[in-house]
Amino acid sequence: MTDLTHHTQSFFHILGTALLLALGGLSVVGQLYLPLPLLSSLKTVYPDMVYPEAWTVSAFGLMYAVGFLFFGPLSDAFGRKRVLLTSLFLLAFISLMVAWAEDAVLLLLARAFQGFVAAGFPPAALAYISASFPERYRSAAVSAMAFSFLSAVALAQVFVLLLATQDFRLPEMLLAVFYAVLGVSLWRLLAADSSRQKREPYAVFSAFKSLPNILLSRSLSIYYMVSVTVLLVFVGFYLLLAQSDIEWSALALRLWTLPFLLSCFAVPKAASRWGHHRVLVGAFLFGSVALGMAWAGYALSVVVLTVFALCLLSSAVALMVPALIGVMAAHSEHERRGSAVALYTFVLFCGASIAPLGVSWLLHHMAATLILMILTAIFCTCFFMLWSWQNHDSKAFLTHRR
């Protein structure tokens with residue numbers, strides 16, 4: 001099959017491909033958050049567990065982030081479809097290893113390995129969409145992927161809560177089957193990798209060698225700096241609420257945020273009018289205001305205000321993620337797009353990996369209101385950085401390309 005942009009594809013074929021990629025993104029990224037509802041019961045299920053329960057999240061997350069640096073350049077050198085499908089089939093096997101881990105050490109090692117392999121899917125899927133989808137569908141498909149990444153925070157936990165389980169066995173077995181079925185489906189649907197794709201060893205080395213230049217490039221470096229804060233703050237606030245005494249059910253609290261995550265679908269139209277950079281500036285300002293409201297809700301013990309602030313923060317983050325993807329795609333060369341997106345997802349999920357351990361440590365040393373002030377200050381700093389960059393370079397916000 002040839003490239004989607006050079007082959008007459010039905011709308012339903014493109015829609016089906018986009019939906020399957022989005023479902024894959026949801027299930028793969030959801031692995032990071034899947035243990036959160038299980039943390040309180042893990043010590044009972046694994047009596048030999050000597051490390052903090054949060055490490056089942058962070059071990060996956062840190063190796064997940066590291067994996068992006070490996071699989072991003074690999075997808076540039078060997079092809080997005082190959083890397084994407086290999087990741088899914090390996091993930092199906094390793095998820096079974098997690099499900100049947102007999103002790104805490106094996107569980108931690110399996111989760112770390114699972115995180116590394118899972119990293120092959122998101123950057124390859126995003127690079128595939130950016131390179132292979134027709135332009136008129138590209139932005140909507142990227143927004144769908146962004147929604148899947150963000151909704152995974154809530155839906156992965158809802159999935160575990162609905163299963164009413166205390167360990168990884170049932171959810172991981174179900175996900176292993178899903179990954180295998182999804183892999184077969186995408187193998188049939190995805191366009192073949194370009195015949196121009198290089199497979200020689202020097203091509204892989206060249207792709208890896210380009211990472212520092214991409215990271216430090218003048219046009220992208222500021223966006224990588226702010227990217228690390230997005231999920232750090234979002235997941236951190238989620239965990240802060242989970243540790244609080246708010247009288248809302250865990251299921252209701254997670255489901256309330258889902259409609260606000262649909263804001264990501266407004267990014268293509270907003271970016272076409274104002275540019276991705278200005279959408280990003282507005283999103284960080286919006287997020288800072290939401291965190292300020294959350295601080296007021298905590299300080300005044302107004303639960304409704306705090307929950308409403310979480311919904312607004314979800315909307316702000318939903319604007320940030322696809323806007324940052326748009327910036328990366330616009331400023332990176334076509335043959336290095338997989339590497340640029342991989343670096344973005346690396347720093348994005350580094351923040352998500354740091355959040356559980358960071359919030360747990362801070363809660364032992366300071367009040368929740370002070371932690372919220374720190375999270376608010378982080379987003380405010382990002383807002384002023386992006387705003388000053390826009391004034392410094394008036395062309396920076398014109399990041400969308402026809």
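Colleague: How many aromatic pairs does the structure hold?

Modeller: Twelve aromatic pairs. Rings of Phe, Tyr and Trp (its six-membered ring) pair if their centres lie within 6.5 Å; planes under 30 degrees apart are stacked, over 60 edge-to-face, the rest tilted. This is a predicted model: local features need pLDDT of at least 70, side-chain atom pairs count only at pLDDT 80 or more, and totals for chains, interfaces and linings use all residues. Residues are numbered from 1 along each chain as its sequence is written, and side-chain values use heavy atoms, with hydrogens and water left out.

Colleague: Why is the pair of F71 and F116 tilted?

Modeller: The planes of F71 and F116 are at 50 degrees, so the pair is tilted; the ring centres are 5.4 Å apart.

Colleague: What does that pair tie together?

Modeller: Parts that are 45 residues apart in sequence, because F71 lies in helix α3 (residues 55–78) and F116 in helix α5 (residues 104–118). Helices here are DSSP runs (H or I, at least four residues), numbered from the N terminus.

Colleague: Is F71 buried or exposed?

Modeller: F71 is buried, at 11% relative accessibility. F116 is partly exposed at 21%. Buried means under 20% relative accessible area, exposed over 50%, partly exposed in between (1.4 Å probe, protein chains only).

Colleague: Which residues do ring pairs link into a cluster?

Modeller: F60, Y64, F68 and F349.

Colleague: New topic. Where does T17 lie?

Modeller: In helix α1 (residues 11–33). T17 is buried, with a relative accessible area of 1%.

Colleague: What does the side chain of T17 reach?

Modeller: The backbone oxygen of H13, at 2.9 Å. Leaving aside neighbours within four places in sequence, T17 also contacts F133, L189 and L190 (heavy atoms within 4.5 Å).

Conventions
Helices (H or I, at least four residues) and strands (E, at least two) are DSSP runs, numbered from the N terminus. A polar contact is a pair of N or O atoms within 3.5 Å; within protein, one must be able to donate a hydrogen and the other to accept it, and residues adjacent in sequence count only if both atoms are side-chain atoms.
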